[in-house]
Amino acid sequence: MNDPLCLEAAWWETLVTALGEFAGGNGFSKALLGLSGGMDSSLAAVIAAKALGPEHVLGVIMPSPYSTAGSITDALALASNLSMPTITMPIADLMETFKKTLAAAMTPESEENDHTEENIQSRIRGTLLMALSNKKRSMLIATGNKSELGVGYCTLYGDMAGAIAPLGDLTKTKIYRLARWVNDHLDRCIPETVFTKPPSAELRPGQTDQDNLPPYEQLDPILERWLNGHPSLEQMGREGFDLDIAETVINLAVKNRFKILQAPPVIALSDTTLDKSLF
């Protein structure tokens, strides 16, 4: 399993070791995380189960009216494969309570659903996870990746909540690389459907990440190149990047850099780790 020439093996060993040491160094023997049935939370759960023992990692499934049956099934299948305990906490009633509470403060022009309602879903989940973290004395693991954190496709006080974001220095394409490697070495613990379905936050009907972002195969190399020295658009064009997509990615990164300053720490796997010194 430990091929010294395999980059994925190096990532795996670093993430498992660092997460275990971080938890122990901060007085935690248990952890929890939100399980969405997506790739990020699936891989984070596998890493946590290896670092702390699956019996010490709680997977929290928080379906909304927009969660697909397949995502719930994938989350439960992953937990079963890992022998990891789960708890299911539907959030539909909480979403409705927030809507009613906010109604008096809304103007007719602001009543239509937009990112506000989407972010509320994420923040409801963050609140539930933090409550469980407090009550159970368990470390909350944030599951965001470098691609999403880097361009601000994440919610403050929602999916960004946590003591550490172990995947925060891996882009989405690298997440899939590592997950495939993990499956090849750990009895295919991640359901194959997690690999094949389009990435989605499932905050509205039929949503996919590419409704808001360029395809990760294009976004990721642009983001990592920009983090490595902040080249001009002209330079990126000379290097073969699509200028329109590069401009979109860079503008998102700059516009949302304030989020990075409030993000949980990540486990460094590269020379372009997201932190305030990069801005």
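Tutor: Let us begin with Ser41, which lies in helix α2, and keep in mind throughout that the model is a predicted one.

Student: Is Ser41 buried or exposed?

Tutor: Burial is judged from relative accessible area, with under 20% taken as buried. Ser41 has a relative accessibility of 3%, so Ser41 counts as buried.

Student: Which residues does Ser41 touch, not counting residues up to four places away in sequence?

Tutor: With those neighbours set aside, Ser41 touches Leu33, Gly34, Leu35, Ser36 and Thr143. Two of these names, Leu33 and Gly34, return when we look at strand β1, where Ala31 and Leu33 point one way while Leu32 and Gly34 point the other way, all of them being buried.

Student: What is the order of the strands in the sheet?

Tutor: The sheet is open and has 4 strands, arranged as β3-β2-β1-β4 with parallel pairing. Its edge strands are β3, residues 86–88, and β4, residues 139–140, each of which pairs on one side only.

Student: How many bridges join β1 to β4, and how many pair β1 with β2?

Tutor: Strand β1, covering residues 31–34, runs parallel to β4 and is joined to it by 2 bridges, whereas β1 and β2 pair in the parallel sense over 4 bridges.

Student: Which helices lie across β1?

Tutor: Helix α2, residues 39–52, lies across β1 and β2 and runs at about 170° to β1. Helix α5, residues 115–136, lies across β1, β2 and β4, and for this helix too the angle to β1 is about 170°.

Student: How should I read the packing of one helix on another?

Tutor: Two packed helices are described by the angle between their axes together with the distance between those axes. For α2 and α7 the angle is about 50° and the axes are 10 Å apart, and the two helices are therefore oblique to each other. Their crossing is left-handed. On the α2 side the contact is made by Met39, Asp40, Leu43 and Val46, and on the α7 side by Lys172, Ile175, Tyr176, Leu178, Ala179 and Val182. By class, the residues of this contact of α2 with α7 are 8 nonpolar, no polar and 2 charged.

Student: At what angle do α1 and α7 pack?

Tutor: Helix α1, residues 7–25, packs with helix α7, residues 172–185, at an angle of about 90°, and their axes are 10 Å apart. The pair α1 and α7 is therefore roughly perpendicular. In this contact Leu7, Glu8, Ala9, Trp11, Trp12 and Leu15 of α1 meet Lys174, Arg177, Leu178, Trp181 and Val182 of α7, and the classes come to 8 nonpolar, no polar and 3 charged residues.

Student: Where is Ala165 found, and why does Ala165 count as buried?

Tutor: Ala165 is found in the loop between α6, residues 146–151, and α7. Ala165 counts as buried because its relative accessibility is 3%. Beyond its neighbours within four places in sequence, Ala165 is in contact with Ala142, Pro264, Pro265, Val266 and Ile267.

Student: How many residues separate Ala165 and Arg125 in sequence?

Tutor: Ala165 and Arg125 are 40 residues apart in sequence, while in space their C-alpha atoms are 16 Å apart.

Key: Residues numbered from 1 in each chain as written. Predicted model: local features only at pLDDT ≥ 70, side-chain atom pairs only at ≥ 80, totals over all residues. Heavy atoms only, no water. Pairing = 2+ DSSP bridges. Contact = heavy atoms within 4.5 Å. Axes fitted to C-alpha atoms, helices over the stretch in contact; angles between N-to-C directions. Parallel < 35°, antiparallel > 145°, perpendicular 65-115°, else oblique. Nonpolar A, V, L, I, M, F, W, Y, C, P; charged D, E, K, R; others polar. Buried < 20%, exposed > 50% of the residue type's maximum accessible area, 1.4 Å probe, protein only. Left-handed = near helix turned anticlockwise from the far one by under 90°.
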